[in-house]
Amino acid sequence: MKKRVSCISAIIVCVVLLSAVAAFATAKSDKKGLLVHNSIYGSTIETAYWVKAIIGHENQLDVKALPQVITVEPYDYVIIGSVTRNEGPTQPIYDFIDTFKADLQKKEICFFLNCGDTDETMILKVPGAKAHLIAGRNYLLDVFEKYPDLDLKVIGGFGGRQVMPSMGTKDNLQIWLVGKLAKEGAPWEGLDIWESLVPERVEAFANEVRTKILGLEPRENVEQFRGYWESEQPGSLKDASKKKFKPKPFTEVVNIDKLYYSRSRIKGDLDLGINLLQQWAKAEGVTLEEQVKTFYNVYYHAKKKYGEKEFTVHLVTSTLPDDPGTVHFSFRCFEKAEGRTGVETDIQKAEKLLWADDRQVK
Ligand SMILES: Cc1cc2nc3c(=O)[nH]c(=O)nc-3n(C[C@H](O)[C@H](O)[C@H](O)COP(=O)(O)O)c2cc1C
């Protein structure tokens, strides 16, 4: 009798466990979503369907190009995906937001960009313009500023794909010019297809939509969906050995006449990064002037007088979604090498402090 009771209990436990597992496997949300995309050469559409696959086909998420959307009213949340042009989303995306602003303000919004530059500690200095923070999520700063009433819950700056032979004349010219002007060189030179996309960012973004918007568990084994992006197209038709994808190094020093640039990362979070930089500034008599502050990074002008001349170091500390548990730093001085020695010494002192106690990740 006792044996039979324990056998029945075991069966009940198994049934309960199995139904819990089944419920988890098919967990779905009742929320209805719209993913609206604007792409010029197609890469943003590739990532749109990739994001949808991770969010899960069991969840209602309509994927539509801008001209297919006549209303956003039926949806609980809207994901906006845009190619990056001239350091931000395209004009049609701004027009879309303006058209549906009243409705969008009542919804949860997520926003991702396909872009060329992904390093969110990057400062761009080109002749005739003020040095400024660019790349990845930084291209959404203008959206944050213009639309403070949008409830932007999840954002991503993924990187992207640039297929040189398909570009129109005007685009080709612009890209060529940027390559010539960029102080740090153009990574796409010599390639037919240049890529910068960081797959982990797409995965982190889609899983954040699952957790923050849909209230679901993050999806595991997300690597299985990378086929939405991977392709056999070679980096160069003339030289198929050329790789399409060369990740930008997290640790680097560039010491040339027009630039001193140093980049590294340590274990820790943004608060630690800020704290250590403040300690360094105090010890070395450097004034930190905050230019931009977001939940993931801070951009400072670090100013100090050497002799009669005041020098500015463009200093960024940032966390990256694809490198959890670390905080990154970039120091840039655009002054000529001659007379820059004091600045270089102070940057090296900052790094000594940042990297101390075995914090540096190489
Ligand atoms: C004319 C032109 C301007 C661009 N401007 C930027 C830019 O300001 N910042 C950036 O990171 N990427 C820029 N890109 C790179 C694209 O955003 C990137 O290649 C993207 O993956 C292309 O998306 P699509 O295939 O959906 O059109 C530009 C590309 C072109 C052709």
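**Close-up views of a predicted model**

**View 1. The shell around the ligand.** Of the 22 residues around the ligand, S39, S43, T44, G116 and G160 come nearest (near: C-beta atom, placed from the backbone, within 6 Å of the molecule). This is a predicted model, in which local features need pLDDT of at least 70 and side-chain atom pairs count only at pLDDT 80 or more, while totals for chains, interfaces and linings use all residues. Residues are numbered from 1 along each chain as its sequence is written. Helix 6 (169-181) is among the elements that supply at least two residues of the shell, and helix 6 gives the most, with three residues. Helices are DSSP runs of H or I with at least four residues, numbered from the N terminus.

**View 2. Two domains.** The protein is divided into domain 1 (33-228) and domain 2 (252-355), with bounds from an automatic or database domain assignment. Their C-alpha centres lie 28 Å apart. The contact takes 14 residues from domain 1 and 20 residues from domain 2 (contact: C-beta atoms, placed from the backbone, within 7 Å). Helix 7 (residues 199-213) provides three residues, the largest share of the side of domain 1 that touches domain 2.

**View 3. The largest nonpolar core.** Among the 66 residues of this core, V51, V78, C110, F111, F205 and V209 touch the most other members. A nonpolar core is a set of buried Ala, Val, Leu, Ile, Met, Phe, Trp, Tyr and Cys residues joined through C-beta atoms within 7 Å; buried means that 20 or more other C-beta atoms, placed from the backbone, lie within 10 Å of the residue's own. Helix 7 gives the largest share, six residues. Both domain 1 and domain 2 give residues to the core, so it lies between them.

Note on methods: Two residues are in contact if their C-beta atoms, placed from the backbone, lie within 7 Å. A residue is buried if 20 or more other C-beta atoms lie within 10 Å of its own, exposed if 12 or fewer, and partly exposed in between; C-beta atoms are placed from the backbone.
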